[in-house]
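Q: Can we go through this one together? I'd like to talk about pockets and charged pairs.

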Amino acid sequence: MKEELSVVGKGIPKVDAILKATGKAVYGADFSLPGMLHGKILRSKVPHAKILNIDTRKALRLPGVRAIVTGKDFPWGLKYGFTAITRDQTPLAQDKVRYIGDEVAAVAAVDEDIAEEALDLIKVEYEELPAVFDPFEAMKEGAPQLHDHVKNNISASQHLAFGDVEKGFLESDHVREDQFTTQAIKHGFLEPHASVGLWDPSGKATLWGNKQSPYIVYRKLAMALGLPPSKVRVIQTYVGAGFGSARSDPFALDFCALMLSKKTGKPVKFVYSMEDVLVMGEMRHPFYMKVKTGMTKEGYIKAIQAYVVADGGAYSTIGPVSIALPAFFIDIPYRLPNVQYDGYRVFTNKGFCGSLRGHCIAQLRWALGQQLDMVCNDLGLDIAEVSIKNALHPGDETPSGYKITSCAFTECVEKAVEASGWKEKKGKLPPYRGIGMGTSSFITGVKLSGHNSASCVVKLNEDGTASVVTGATDIGQGSSTIVSQIVAEVLGLPIEDITINAGIDTDFTPIDPGTYGSRVSFYSGNAAKIAAEDAKKQLAEVASKVMKVPLEEIIFKDRKVFSKSNPEKGWKIDALIRHAQHSMGKESKSVIGRGSYDSGVDFIDFKTGRGNISPTYTFAADVVEIGVDPETGKITILNAVGAHDIGRALNPILCAGQLDGAWIQAEGQLLYEELKRDKKDGHVLNPSFMDYKMPTSMDIPLKNKHIFVESMDPDGPFGAKEVGEGASVAIFPALGNAVYDAIGVRIPDLPITPEKVLKAIKEKKEGK
Amino acid sequence: MRFNVNGVIYEEEIDHRRTLLEVLRENLGLLGTHKGCDEGQCGACTVLIDGKAVNSCLVLAASVQSKKITTIEGLAQGEKLHPVQEAFVETGAIQCGFCSPGMIMIAKAFLDGHPNPTEEEAKRAISGNLCRCTGYFQIVDAVMKAAEKMRKEA
């Protein structure tokens, strides 16, 4: 049942929107300290080489240069990474460089221009090694090896099997095997990385930066600098968007800002250029996929098998997770009796890949969601009906052990069908018009490491307002607003009475895993709710005493605290808070509520793939209608409809913004975005927004519609689940299927450029 | 050099190679104008020169000494937001907010000359400014809502 609430569920403007609209929010590059020096990074110009020597003497003699660091300035051999087996990165290259763009040295000077000039004076002597850029070449015996301890460049692999796929294929009336690929894309945030480091004489290393998961940065800085975490402090500025690990990890600028500060005794600031951002590591893994689906003629899916090779680039980062996630998402949102997955993440001499909105899940869904459409077409079945026939339902447990609690997937498909005019349009549109459906299911808080809990503190102020300290990092998605709404709702206050910490300070905010895996609303939202309820209970106890009514009778509403049976007589909340603070004798106190939340979900067993990866799951069905210009091959999205089971829309404006953003980011990858590389040395060919094309306002669908399907999750804060990451997945097959419907040719390789469309149309006409 | 920014006259000694963006941020401390790509592709640094929207990263500071420059800091009157800012706040057009000052400036310049735009015109007007968060729908809504607010105020 959906209860009517006062603050939660309302389209309230973001709590930081006025600061952002007036240019007063302080982002990474806006932060400065007096006496600050400016840093620049030297990047490798060769794809694979041993570093024999770095001569910095000439650069150090340039007037204005204060210090230079190379790999030798950091604890030798001390590597950082996600787990013990993947620790293969150092702050600057120590023995080897592994891609064009790998960081080799850094300069601190009195201004940016001098620092930049000094880079040209650093002489690096390399012994070049053979390099490899294609993951299939890299896996061959005798291929150049990027990391000594890793055989055949297999960075990570994941195998998973439930049931018996061979049996499942035998039981199927139709089986298809097809291949698909996806390309490298960047996160595409507009604010380049920026940090200020200060290593003070007490030995404390403080970093200010635009970070998405400051506690990940804090842990990895400590790891690679050889410091106890208490000696590292990370303070988050406003963040010019995130979308994944490109904002979660520390990079060379962060380590070097601190080390150069240690060397010079001054604060040191680094601001990367957009070229730095586009050339350096962190991007979406390109995928090569061979997938197989078996179905009965009635439309029951009997088996799915997937073989994946992911191009990981030069380092591991969270590679084991990247290659496992596609496996962990195979058996949602459909009931599948037989599944097999074999995935390999491979090192190549290119920028490394990590997580990006829909982390490696969008890629496999691009393949599986289209193959489902192909199988349905072959059997003369309707993909919408097949989706409903195979849908997961509340109470289901998948073969991997996922417990499906709230689930309105069937309703999502039905609503998307209805709102898009699917039945009237599918197969009935004129030539070069097409309609396609895609579905997906997503997690709400992935457990990537031991730490998954979130915490919150709510302090009641004597003027009747509340101050909230959350561990959640707002990177624009609106967690500060959502947390504030939840606290306001519990305490019966309007949103303007809530003050929330503007950012994370690892010394003082509750330790939090970070903004990833679609966990923030659920985990931090629940922690905020518990903290607000704790504060409320403490104040209600005071009210119960002074009003002489039972505790359970006490209501908090409209800045008042009163008894259910006598709503007219009560206390204004500010007066009651002051009373609690001043006039309760030995029991007087400033009311501070605390809340911590962990779903208790176990870490999934990577060996068997068994476990429950998330406390709950979201579901989506998208329908996309397109037009194709047969002269130019250009695709126009005429209408996009999505029905999303997000539990409850905590703030419909913010939810719609998340869904819009997810779609348009996906549209870029689907239609044109691609980080292109030179085939001979792997360097990035398009490191600017001039050549790396992202969607503009002219590229968005002519019409779009989001339908919130509110399944009211039993464990979510006020029923809420993830929103905004899952929505970036279903759109992949939906658009691919629409293209097929429009031109009658399947384009398996992303992006679906006009060139590919034209070629497909031409070949079809010629009967190839 | 002498600059008129948001009605305030600044006199600064400036290297003739500095861009307007650099001078606004580094000399005048007006940090609301953001540096994204620094090559005229993203629009995060949009300001108005004599009412016309430009990418301040592509303008040499020396060339605008006699002109009236308006930045995001010059729109609100104290706590009273400009209607474009109000509309951006209300419609959800701001997520991370990094593109917002540039978006708001381009929207203001557009609406000053087109008080009664169609959605298509609004989309075209902001098409030189990138936003990776919103997917633009709520920004277009904001421009349309701002137009309405400005018509009412006029």
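Predicted model: local features only at pLDDT ≥ 70, side-chain atom pairs only at ≥ 80, totals over all residues.

Q: Ok. Which element gives the most to the lining of the largest pocket?
A: That is β1(A), with six residues.

Q: Which other elements give two or more residues to it?
A: In chain A they include α3 (112-119), β12 (268-271) and α9 (274-279). Chain B joins in with α1 (20-27).

Q: And how much space lies in that pocket?
A: About 1500 Å³. The lining has 44 residues, and those closest to the centre are K40(A), E112(A), E116(A), V271(A) and S273(A).

Q: How do the lining residues divide into nonpolar, polar and charged?
A: There are 19 charged, 16 nonpolar and nine polar residues in the lining.

Q: Where does the largest pocket lie, in terms of domains?
A: It lies between domain 2 (31-129 + 201-240 + 247-263) and domain 3 (287-447 + 604-765) of chain A, because both give residues to the lining.

Q: Switching to charges. What can side chains of opposite charge do?
A: They can pair when their charged atoms come close.

Q: Which residue does K40(A) meet in a salt bridge?
A: E116(A), at 3.8 Å from N to O. K40(A) lies in strand β1 and E116(A) in helix α3, both of chain A, so the pair ties together parts that are 76 residues apart in sequence.

Q: Are those two buried or partly exposed?
A: One of each. The cut-off for buried is under 20% relative accessible area. K40(A) counts as buried at 13%, while E116(A) counts as partly exposed at 43%.

Q: What about K721(A) and D645(A)?
A: Their side chains meet in a salt bridge too, at 3.1 Å from N to O. K721(A) is in the loop between β26 (703-709) and α19 (727-743), and D645(A) is in strand β25, so this pair also ties together parts 76 residues apart in sequence. K721(A) is buried at 2% relative accessible area, and D645(A) is buried at 0%.

Q: Which residue forms a salt bridge with D16(A)?
A: K14(A), with the closest N and O atoms 3.9 Å apart. D16(A) is buried at 6% relative accessible area, and K14(A) is buried at 8%.

Q: How many salt bridges over all chains?
A: The count comes to 54.

Q: Which residues are linked in a network in chain B?
A: Salt bridges link K80(B), E86(B), E90(B), K145(B), K149(B) and E153(B) in a network.

Methods
Residues numbered from 1 in each chain as written. Chains lettered and ligands numbered in written order. Heavy atoms only, no water. 1 Å grid on protein atoms, 1.4 Å probe; cavity = no way out; pocket = protein on both sides within 12 Å on 5 of 7 lines; lining within 4 Å. Points joined across faces, edges and corners; volume = space filled by probe spheres on them. Helix = DSSP H or I, 4+ residues; strand = E, 2+ residues; numbered from the N terminus. Nonpolar A, V, L, I, M, F, W, Y, C, P; charged D, E, K, R; others polar. Domains from an automatic or database assignment. Salt bridge = Lys/Arg side-chain N within 4 Å of Asp/Glu carboxyl O. Buried < 20%, exposed > 50% of the residue type's maximum accessible area, 1.4 Å probe, protein only.
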